[in-house]
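Please consult the sequence and the structure while reading.

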Amino acid sequence: MRELSQGDRHLRTSVLFAVAVHSLFILFFTVFLFQHANPMGDGMEMVGSSIAFMFIFLPFSLPAYLLAKTGRLLILAAVLALIASFLYFGLWLEFLDELGIQPAPWNAG
């Protein structure tokens, strides 16, 4: 493995941190959906955890982690982590809307 420059080490650390945050978000999101699921409903709220894992974590966060861990293609790893972050944020807003939870008081309309 080649020696990384100072900038590459910072980028690698940033990508690894972002992927750790993504993993914690999936855990938080699953607990959040369990707590806000309709007890008399069909449980389809829990599909959100599967969506987050299968369609965001596996194609974006996991490859970003693997690339950053090996120290190769760090720009691509950063772009993948950035795309995953935007997708997680969009998914979060979508599920807040689906569950009828107001995301912030300034968004009341």
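## Packing of α1 and α2

In this predicted model, the axes of helices α1 and α2 come within 9 Å and cross at roughly 165 degrees. Because an angle over 145 degrees counts as roughly antiparallel, α1 is roughly antiparallel to α2. The crossing of these two helices is left-handed.

From α1, the residues that make the contact are Arg12, Val15, Leu16, Val19, His22, Ser23, Ile26, Phe29, Thr30 and Leu33. From α2, they are Gly48, Ser49, Ala52, Phe53, Phe57, Ser61, Ala64, Tyr65, Ala68 and Lys69. Sorted by class, this contact between α1 and α2 comprises 12 nonpolar, 6 polar and 2 charged residues.

Ser49 belongs to helix α2. Is Ser49 buried or exposed? Its relative accessibility is 12%, and since buried means under 20%, Ser49 counts as buried. When its neighbours within four places in sequence are left aside, Ser49 is in contact with Phe29, Thr30 and Leu33.

## The loop between α1 and α2

Helix α1 spans residues 6–36 and helix α2 spans residues 47–70, and Ala37 is placed in the loop between them. With a relative accessibility of 23%, Ala37 counts as partly exposed. Ala37 and Val47 are 10 residues apart along the chain, and their C-alpha atoms are separated by 11 Å.

## Packing of α2 and α3

Two packed helices are described by the angle between their axes and the distance between the axes. For α2 and α3, the angle is about 165 degrees and the axes are 7 Å apart. This angle makes α2 roughly antiparallel to α3. The crossing of α2 and α3 is left-handed.

On the α2 side, the residues that meet α3 are Gly48, Ile51, Ala52, Ile56, Phe57, Phe60, Ser61, Pro63, Ala64, Leu67 and Ala68. On the α3 side, they are Leu74, Leu76, Ala77, Leu80, Ala81, Ile83, Ala84, Leu87, Tyr88, Leu91 and Phe95. How many nonpolar, polar and charged residues does the contact of α2 with α3 have? There are 20 nonpolar residues, 2 polar residues and no charged residues.

## Aromatic pairs and the aromatic cluster

The count of aromatic pairs comes to 10. One of them is formed by Phe25 and Phe29, whose rings are stacked, with 5.4 Å from centre to centre and 15 degrees between the planes. Phe25 and Phe29 are 4 residues apart in helix α1, which means that about one helical turn separates them. Phe25 is buried, with a relative accessible area of 17%, and Phe29 also counts as buried, at 0% relative accessibility.

The ring centres of Phe32 and Trp92 are 4.9 Å apart, and their planes stand at 55 degrees, so this pair is tilted. Phe32 lies in helix α1 and Trp92 in helix α3, which covers residues 74–98; the pair thus links distant parts of the chain, 60 residues apart. Phe32 counts as buried, at 10% relative accessibility.

Which residues form the aromatic cluster? Its members are Phe25, Phe28, Phe29, Phe32, Tyr88, Trp92 and Phe95.

Note on methods: Residues are numbered from 1 along each chain as its sequence is written. This is a predicted model: local features need pLDDT of at least 70, side-chain atom pairs count only at pLDDT 80 or more; totals for chains, interfaces and linings use all residues. Side-chain values use heavy atoms; hydrogens and water are left out. Buried means under 20% relative accessible area, exposed over 50%, partly exposed in between (1.4 Å probe, protein chains only). Axes are lines fitted to C-alpha atoms, for helices over the stretch in contact, and angles run from 0 to 180 degrees between N-to-C directions. Angles under 35 degrees count as roughly parallel, over 145 as roughly antiparallel, 65 to 115 as roughly perpendicular and the rest as oblique. A crossing is left-handed if the near helix is turned anticlockwise from the far one by less than a right angle, and right-handed if clockwise. Contact means heavy atoms within 4.5 Å. Ala, Val, Leu, Ile, Met, Phe, Trp, Tyr, Cys and Pro count as nonpolar, Asp, Glu, Lys and Arg as charged, and the others, Gly among them, as polar. Rings of Phe, Tyr and Trp (its six-membered ring) pair if their centres lie within 6.5 Å; planes under 30 degrees apart count as stacked, over 60 as edge-to-face and the rest as tilted.
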